[in-house]
Amino acid sequence: MALSNNVIGAINFVAMLLSIPIIGAGIWLANQPDNSCVKILQWPVIVLGVLILVVSLAGFIGGFWRIPWLLIAYLVGMLILIILLACLVVFIYMVTIRGSGHLAPSRAYLEYHLEDFSAWLQRRVRSSYKWERIKACLSSTEMCAQLNQSYTMAMDFFNAHLTPIESGCCKPPTECGYTFVNPTNWISPINNIADPDCIQWNNDQTQLCYNCNSCKAGLLANLKQEWRKADIILLITLIALICVYLIGCCAFRNAKTEDIFRRYKQDAFLVYFWLKNVLLLIHFIRGLKFVQSSDELCAICEWHPTLSDNIWKMSLLSLTKTKKWVIAGVFARISISDKKLSLESSSQNPLTEMAANSTIIGTINFITLLFSVPIIGAGIWLANEPDNSCVKILQWPLIIVGISISIVALLGFVGGCWRITWLLIIYLVAMFILIVVFACLVVSIYLITNKGSGHPAPGRSYMEHDLDDFSGWLRRKVVSPNKWDRVRSCLNSTDMCSELNQRYRIAQDFFNSRLTSIQYGCCMPPAECGYTYINPTYWLTPNNTAATIDCLQWSNDQMQLCYHCDSCKAGLLANLTKEWRRVDIILFITLVVLICVYLTGFCCALRKCRTGNSSPTRKEQNT
């Protein structure tokens, strides 16, 4: 019991530590200028983190000082808090799933529309009363004034990657046709009725476009980015908290089981052996009924297996004339000898064997739960890669499969620790289905990425790719004009091409560099076109550019470059192929381990539980 309580205390200390990232995420959101003006998410996160800290502290005290009511309060309170945290994580994901930016013509930054975001977020800024308070807070910051210091030339400003809130609040929408003077001062066009926001623009530094819908949309886009980062932290913490909570529940249950076993030994065995002693006494009294001499008593002592000790023979011989003392001596001897028997029998207690099997099953399912982490991690890593975040093919299936495996493993863990048969059956069936689905996913990734090797470009150290080299399934993801326009606008919002101008000044350095597949496909013309190098994203057109269709697609406009080229699509697919192959190796190793754990672990433990009742030892005990 003391060991289990110490384990519970240590587990609650870990839960106390896990409350720190939750509180930290809330404090980080509170210090962001946009979140500090809106004040939606930070306080619920901070309050939830503080409550988890307080409840974990109660469990910590209850575990080390063995206060049962504190432990029960911890188990109930932490369960409620975990459910609330899970609801918060899902809620943040649902309200931030919509709201991508739109590419403005001849601009590097994105612009946003209020209608693209979830209705719940829109309601946070549509109310005039709420927006007046938010607008006053935003106008008091330096986010627009510092743009005047950073960008003095129009081209520098147009090629800058502004934050969503800067793009929406500090300048008029691009479609209005305003003429640039500086980032917060624009000359109004003759006709500015293209958008209602065009009329709202004001060069007054306290007004600007704070009354525009584009400013509201930019604020929501900023909130979305920051909330997504916080949601990842909360999701990881939630998984860790669930694991810690389940381990704590098992430790608490084991402590209670130890009490049950102790009472069973003290009560059940005591009743059993006292009844046995009574029967033995009755049998012995019947033998004493016709005893007339010490010789006859010795014969009875030799015959009775419990009274074969020589010392007790001497005691009985000295008390032959007083039969009640003889009976008392026999009773004491039987009781002492049966204590030893009770200890031997308790080591073969069927409840102990059942608890051991349940612990094995719970441990195996906990290992399965841990192996869902690399699957979810692989999906999150792909989601944070610029190319995968633009295409959005593989990351969400991986995250969904990983979360499904973790949920099913949790069911098996609970069923194993609490001996709930139907939960174990659900775990067995569902995990089999998930392993089959997971195996199909691993094989599909391998088959899809098995093609698409590049070919060396003349006079270059990097490889170039052709779109026809890749599998038909991958090509269909980028051939469609509708799909490619969305992917292209996403790629254009990154710094992957502009950073090349800062890194490479000399042509030879650029030609000898190891570019990524997507950089040499989208940021420069194909080598066979014969363009003359000026800088990585600016090339002089040759007299004859009819080598390939991609040669005609090239443009020195920093917003165009070769994003319409097939070489850009091929470069994107080559990048995806490399990243998916790395992920596939991790997934394959995880799949093999999951299969081994599923087959050798759970099935063997289940078989042991089923065959336990028919074992020879159990038959002997029943006899």
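The model is a predicted one. Counting cysteine sulfur pairs within 2.5 Å gives 10 disulfides. Three of these links, together with two further cysteines, are set out below.

**Cys176 and Cys198**
- The sulfur atoms of Cys176 and Cys198 lie 1.8 Å apart, and the two residues form a disulfide.
- Because the torsion about the S-S bond is about -85°, the disulfide of Cys176 and Cys198 is left-handed.
- Cys176 and Cys198 are both buried.

**Cys209 and Cys212**
- A disulfide joins Cys209 and Cys212, with 1.8 Å between their sulfur atoms.
- The link of Cys209 and Cys212 is left-handed, with -95° about the S-S bond.
- Both Cys209 and Cys212 are buried.

**Cys497 and Cys523**
- Cys497 and Cys523 form a disulfide in which the sulfur atoms are 1.8 Å apart.
- With -75° about the S-S bond, the link of Cys497 and Cys523 is left-handed.
- The pair links distant parts of the chain, 26 residues apart: Cys497 lies in the loop between helix H20 (481-492) and helix H21 (498-503), and Cys523 in the loop between helix H23 (517-522) and strand S7 (532-535).
- Cys497 has a relative accessible area of 4% and is therefore buried; Cys523, at 0%, also counts as buried.

**Accessibility of two further cysteines**
- Cys243 is buried, its relative accessible area being 11%.
- Cys440 has a relative accessible area of 46%, so this residue is partly exposed.

Note on methods
Residues numbered from 1 in each chain as written. Predicted model: local features only at pLDDT ≥ 70, side-chain atom pairs only at ≥ 80, totals over all residues. Heavy atoms only, no water. Buried < 20%, exposed > 50% of the residue type's maximum accessible area, 1.4 Å probe, protein only. Helix = DSSP H or I, 4+ residues; strand = E, 2+ residues; numbered from the N terminus.
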